[in-house]
Amino acid sequence: HKDAFHAEKDAILEVGLATARWVTVDDTGARHAGRDETTSHIGDDRFARFATRASKSRANFLDLLRAGHPEYVLNATAVAYMVEHAVPETVITALLADERRTFADETRWGAHLEALGLGAGHRRLLAEAALVGTIVARGLLTETVIVSDDAGQFDVLTHALRWVHAERHLRRVVCATAEQQRLVDLQRQLVWWFYRDLKLYKGDPDPARRAALRQRFDRIFGRVTGFAELDEAVARLRANKAELLLVLDRPEIPPHTNGSENDLRSVVTERKISGGTRSAAGKRARDTFLSLLKTCAKLGLSFWDYLGARLKIPEADAVPWLPDLIRQRAAA
């Protein structure tokens with residue numbers, strides 16, 4: 001008899017994604033029915049959503065982002081995704097030759113691809129494109145930045161990278177000499193100084209400082225030391241310039257994923273104490289009530305008061321529908 005709680009959790013995600021300026025995302029391992037699965041987190045400073053699934057693929061992440069809507073949509077955004085990911089023009093043409101643009105569920109979408117004779121090799125990218133189309137068609141994440149570590153499944157739509165993960169690449173460089181260690185330490189210090197000034201910029205953004213920070217990024221990540229492993233790590237970070245510096249154009253976004261990491265600690269603690277879930281109902285209930293608990297905390301509500309209101313405990317104070325509070329917080 002938890003359907004009302006599940007419905008409120010699902011509505012929290014849809015409203016959150018429709019109104020968020022940014023979300024942070026992350027995941028952690030989970031055990032379910034004796035198998036390894038993954039618990040993903042999506043949230044900002046108003047809401048949190050947990051979902052545990054067997055897959056941690058990009059298609060799974062995009063499925064979470066469409067907030068429970070089952071359809072697959074082919075629109076301009078979906079086509080742009082296919083072009084960006086080098087889907088052959090003949091395949092795109094075959095898809096667009098058919099007048100249908102919306103497919104009610106995965107079964108109908110799969111049957112459509114089968115009828116067109118499209119092989120399994122293209123289906124993953126086509127499914128991802130149609131999921132992106134659904135997200136945009138539903139008005140979700142239209143101006144939202146997704147902030148993540150460098151995990152490939154999160155690199156969709158407007159994406160930014162967290163800086164702590166960038167510095168981690170430098171920490172992993174193995175040094176054989178004192179001079180190599182000095183070069184790595186210096187590069188790490190330059191990164192942390194830059195990160196400190198990025199945070200200062202967020203508090204007082206202006207065009208001159210933005211231009212100066214872009215030039216400084218080029219100097220820091222354009223250094224060539226002769227230490228091959230370090231230079232390769234720096235080059236990888238330089239290639240992510242657009243995602244690392246998105247905060248200059250969108251100073252409201254966090255340069256880290258601390259919110260997701262903090263929220264996921266509850267999942268890790270529960271996993272250590274209780275092990276894994278056994279039934280599908282148990283897994284769903286765990287994800288639902290953790291989502292509601294964390295969302296209440298972010299909205300400044302007592303979770304016990306929330307439960308009292310929803311369970312109609314006598315004399316319990318009324319607690320508004322959480323999605324309404326999330327929407328109001330966005331408008332404030």
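Q: What's the bridge partner of T39 in strand 3?
A: That would be T52. Bear in mind this is a predicted model.

Q: Okay, and in which sense do strand 2 and strand 3 pair?
A: Antiparallel, over six bridges, with strand 2 covering residues 35-43. The link between strand 2 and strand 3 is a hairpin of four residues.

Q: Is strand 3 mostly covered or mostly open?
A: Mostly covered: strand 3 runs over residues 48-53, and five of those six are buried.

Q: Where's the kink in helix 13 centred?
A: On L264, and the kink is about 25°. L264 is also one of the buried residues of helix 13, along with S260, D263, V267 and V268.

Q: What do those buried residues pack against?
A: Strand 1 (22-32), strand 2, strand 3 and helix 14 (280-298).

Q: And which residue follows helix 13?
A: G275, with a positive phi near 75°.

Q: New topic, cysteines. How many disulfides are there?
A: The count is zero.

Q: Why does C296 count as buried?
A: Because its relative accessibility is 0%, and the buried class is anything under 20%.

Q: What about C175, which class is that in?
A: Partly exposed, because C175 has 24% relative accessibility.

Note on methods
Residues numbered from 1 in each chain as written. Predicted model: local features only at pLDDT ≥ 70, side-chain atom pairs only at ≥ 80, totals over all residues. Heavy atoms only, no water. Buried < 20%, exposed > 50% of the residue type's maximum accessible area, 1.4 Å probe, protein only. Helix = DSSP H or I, 4+ residues; strand = E, 2+ residues; numbered from the N terminus. Pairing = 2+ DSSP bridges. Bend = angle between axes of the 7 residues up to and from the residue. Contact = heavy atoms within 4.5 Å. Disulfide = S-S within 2.5 Å.
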